[in-house]
Each structure stands twice: as C-alpha cells, then as structure tokens.
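Here is a friendly briefing to read alongside the structure.

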Amino acid sequence: MTAGSHRFTAESVGRALDVLGERWTLLILREAFFGVRRYAQFARNLGIPRPTLSARLKQLVEQGVLDRVVYATDPDRHEYRLTTTGKEIFPALVILMRWGDDHLPTPDGPPLVLRHSCGEPVAPRLSCTHCGDEITTANVTPEPGPGYRER
C-alpha cells in the first residue's frame, strides 16, 4: 500500500462514527463517564430534547455501549451503565477534551481538569504498548490488516 492509498472497505473510523459520531452521543457518554446513570439526570445536565435523548440511549444500548438496568420497580425505572465496550471509549473522549482545551480554549481556562490517582493533572497521550513511545503521525504507517479489501 502506498502513501495516500489507504482507501478501503470496512473502514473502522467510519463504523465507529456510525455509533458515536453525533454530538449528543458523545455528550451522553461524557456524562456517563462522570457518574450520570439516570434518564432525568442526562436530560437535566445536557438540556437535550427528550426524544433525542431517548433515541441516543436506545442506540447506545443496542450497540452494547450502555446497559439498561432496572433500579426500581412498581413502576420499573431504569438506569444506564457503561459496558466494558463503553468504558473503552474513555481514552478517545479524554483526547477530544484535551484537544478542545488546547485548540478551542475558553478565556478562563479548561472548564474541567482531570486529576490522576497519583495527584497530578492528566496529560493524556497515545503510546505504543510495545516500546512506550508516543504515537504521532510521524511515527506510524498504515498497512493492510486482516480485514483489508480494496474498493
């Protein structure tokens, strides 16, 4: 595969965006990562139209990102909990948050700072699990994987 020839079918970013690539979906996930579980809390915190919230939550449950769990009965009341699949989206959301803080800053600074358990503010980065080096556009090369098919 030559530089710039990475056009192929079954493209992973496109498939992920089919599930996650809508503004409200990412904001719902942000809330879920920081402890929101109930419909009314999502609606209140986000100011999201209720039909939109219902549709996005349904999609996230269908895609296995959230579980819908009964927390009270008579009548049944549900809450939404991140699945293992959902929890794996956290690094991407943190990177988006950092990008927004760096490139679309507010006059008073970041509205939210993440602090690691070591006590220091989080400065996220992508790193190679083999050697530990930071992953950048300068040191990675796309190559065909097992699911690669030419268009």
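Let's start with Cys128, which is partly exposed at a relative accessible area of 29%. Please keep in mind that this is a predicted model. Seven salt bridges and zero disulfides are found in the structure.

**Cysteines**

- Cys128 takes part in no disulfide: the nearest cysteine sulfur belongs to Cys131 and is 3.9 Å away, whereas a disulfide requires the sulfur atoms to be within 2.5 Å.
- Cys118, with a relative accessible area of 55%, is exposed.

**Helices α2 and α6**

- Helix α2 spans residues 23-33 and helix α6 spans residues 90-103; their axes come within 11 Å and cross at roughly 110 degrees.
- Angles of 65 to 115 degrees count as roughly perpendicular, and α2 and α6 are therefore roughly perpendicular to each other.
- On the α2 side, the contact is made by Leu26, Leu29, Arg30 and Phe33, which meet Phe90, Leu93 and Leu96 of α6.
- By residue type, the contact of α2 with α6 has six nonpolar residues, no polar ones and one charged.

**Leu20 and its surroundings**

- Leu20 belongs to helix α1, residues 12-20, and counts as buried with 17% relative accessibility.
- Leaving aside residues up to four places away in sequence, Leu20 touches Thr25, Leu26, Leu29, Leu60 and Ile89.

**Salt bridges**

- Arg56 pairs with Glu22 in a salt bridge whose closest N and O atoms are 2.8 Å apart. Arg56 sits in helix α4 (residues 50-62) and Glu22 in the loop between α1 and α2, so this pair ties together parts that are 34 residues apart in sequence. Glu22 is partly exposed, at 24% relative accessibility.
- Arg30 is partly exposed at a relative accessible area of 30%, while Glu31 is buried at 12% relative accessibility.
- Arg81 and Glu79 form a salt bridge too, their closest N and O atoms being 2.7 Å apart. Arg81 is partly exposed, with 33% relative accessibility, and Glu79 is buried, with a relative accessible area of 5%.
- Through salt bridges that share partners, Arg81 and Glu79 are joined with Arg37 and Arg38 into one network.

Note on methods. Residues numbered from 1 in each chain as written. Predicted model: local features only at pLDDT ≥ 70, side-chain atom pairs only at ≥ 80, totals over all residues. Heavy atoms only, no water. Axes fitted to C-alpha atoms, helices over the stretch in contact; angles between N-to-C directions. Helix = DSSP H or I, 4+ residues; strand = E, 2+ residues; numbered from the N terminus. Parallel < 35°, antiparallel > 145°, perpendicular 65-115°, else oblique. Contact = heavy atoms within 4.5 Å. Nonpolar A, V, L, I, M, F, W, Y, C, P; charged D, E, K, R; others polar. Buried < 20%, exposed > 50% of the residue type's maximum accessible area, 1.4 Å probe, protein only. Salt bridge = Lys/Arg side-chain N within 4 Å of Asp/Glu carboxyl O.
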